[in-house]
Amino acid sequence: VQLVESGGGLVQAGGSLRLSCAAPGSRFSIDSMGWYRQAPGKQREFVANTGTRTNYADSVKGRFAISRDNTKNAVYLQMNSLKPEDTAVYYCYVRTNTVISGPFSPNRDYWGQGTQVTVSS
């Protein structure tokens, strides 16, 4: 079972991209939902999440904005003022709480397949 991601691509420095992540056909409540990223040769790192609170990595504060659509079990990442160091594969995740319908299980972490974001200088 995976989340479905979209929205990555190639953009010049200073540009914007919007990532989307959804769990179609499912209804559940969450503990948190958000984004991590992994650049070549580096460990996966936290970017942003939302649940009872919204949190951002220091490196993206003021440039990225996370939002959620509870009716679609979807989370979005609006990325502005992109820098070459933002280049990475971006992964969304969800930590489920209660599950009403669909293939997800409660109290578990699920990940998307990853979407490539490349920022050219």
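**Strands, a disulfide and a core**

Let's start with one residue. N73 is buried, with a relative accessible area of 7%. Buried means under 20% relative accessible area, exposed means over 50%, and partly exposed is in between, with a 1.4 Å probe and protein chains only.

A word on what you are looking at. This is a predicted model, where local features need pLDDT of at least 70, side-chain atom pairs count only at pLDDT 80 or more, and totals for chains, interfaces and linings use all residues. Residues are numbered from 1 along each chain as its sequence is written, and side-chain values use heavy atoms, leaving out hydrogens and water.

Back to N73. Where is it? N73 sits in the loop between β7 and β8. Strands here are DSSP runs of E, at least two residues long, and helices are runs of H or I of at least four, all numbered from the N terminus. The phi of N73 is near 50°, a positive value in a residue other than glycine. Most residues other than glycine have a negative phi.

S81 has a positive phi too, near 50°, and is not a glycine. S81 lies in the loop between β8 and β9. Is S81 buried or partly exposed? S81 is partly exposed, at 41% relative accessible area.

Now a contact partner of N73. A23 is in the loop between β3 and β4. A23 is buried, at 2%. Leaving aside neighbours within four places in sequence, A23 is in contact with L3, F28, K72, N73 and F104. Contact means heavy atoms within 4.5 Å.

Next, the disulfide. The structure holds 1. A disulfide is a pair of cysteine sulfur atoms within 2.5 Å. Which residues form it? C21 and C92 do, with their sulfur atoms 2.0 Å apart. C21 is in strand β3 (residues 17–22) and C92 is in strand β9 (residues 88–101), so the pair ties together parts 71 residues apart in sequence. The link of C21 and C92 is right-handed, with 60° about the S-S bond. C21 counts as buried at 1% relative accessibility. C92 is buried as well, at 0%.

Now the sheet. Strands pair through backbone hydrogen bonds, either parallel or antiparallel. Here, two strands count as paired if DSSP finds at least two bridges between them. 4 strands form an open sheet in the order β1-β3-β8-β7, with antiparallel pairing. Its edge strands are β1 (4–6) and β7, and each pairs on one side only. Look at β3 and β8: 6 bridges join these antiparallel strands.

β4 and β9 run antiparallel over 10 bridges, and G34 has Y93 in β9 as its bridge partner. β4 and β5 are antiparallel too, joined by 6 bridges. There, Y36 has F46 in β5 as its bridge partner. The hairpin of β4 and β5 has 6 residues between the strands, and G41 in it takes a positive phi near 75°.

Stay on β4 for S32, which lies in that strand. S32 counts as buried at 10% relative accessibility. What does its side chain meet? The S32 side chain makes a polar contact with the side chain of Y93, at 2.9 Å. A polar contact is a pair of N or O atoms within 3.5 Å; within protein, one must be able to donate a hydrogen and the other to accept it, and residues adjacent in sequence count only if both atoms are side-chain atoms.

Last stop, the core. In soluble globular proteins, nonpolar side chains tend to be buried together. A nonpolar core is a set of buried Ala, Val, Leu, Ile, Met, Phe, Trp, Tyr and Cys residues joined through side-chain atoms within 4.5 Å. Which residues of the largest core touch the most other members? Of its 29 residues, they are W35, V47, F64, L77, M79 and Y90. The elements giving two or more residues to this core are β3, β4 (27–38), β5 (45–51), β7 (64–69), β8 (74–79), β9 and β11 (115–120). Take L77: beyond four places in sequence, its contacts include W35, V47, F64 and Y90.
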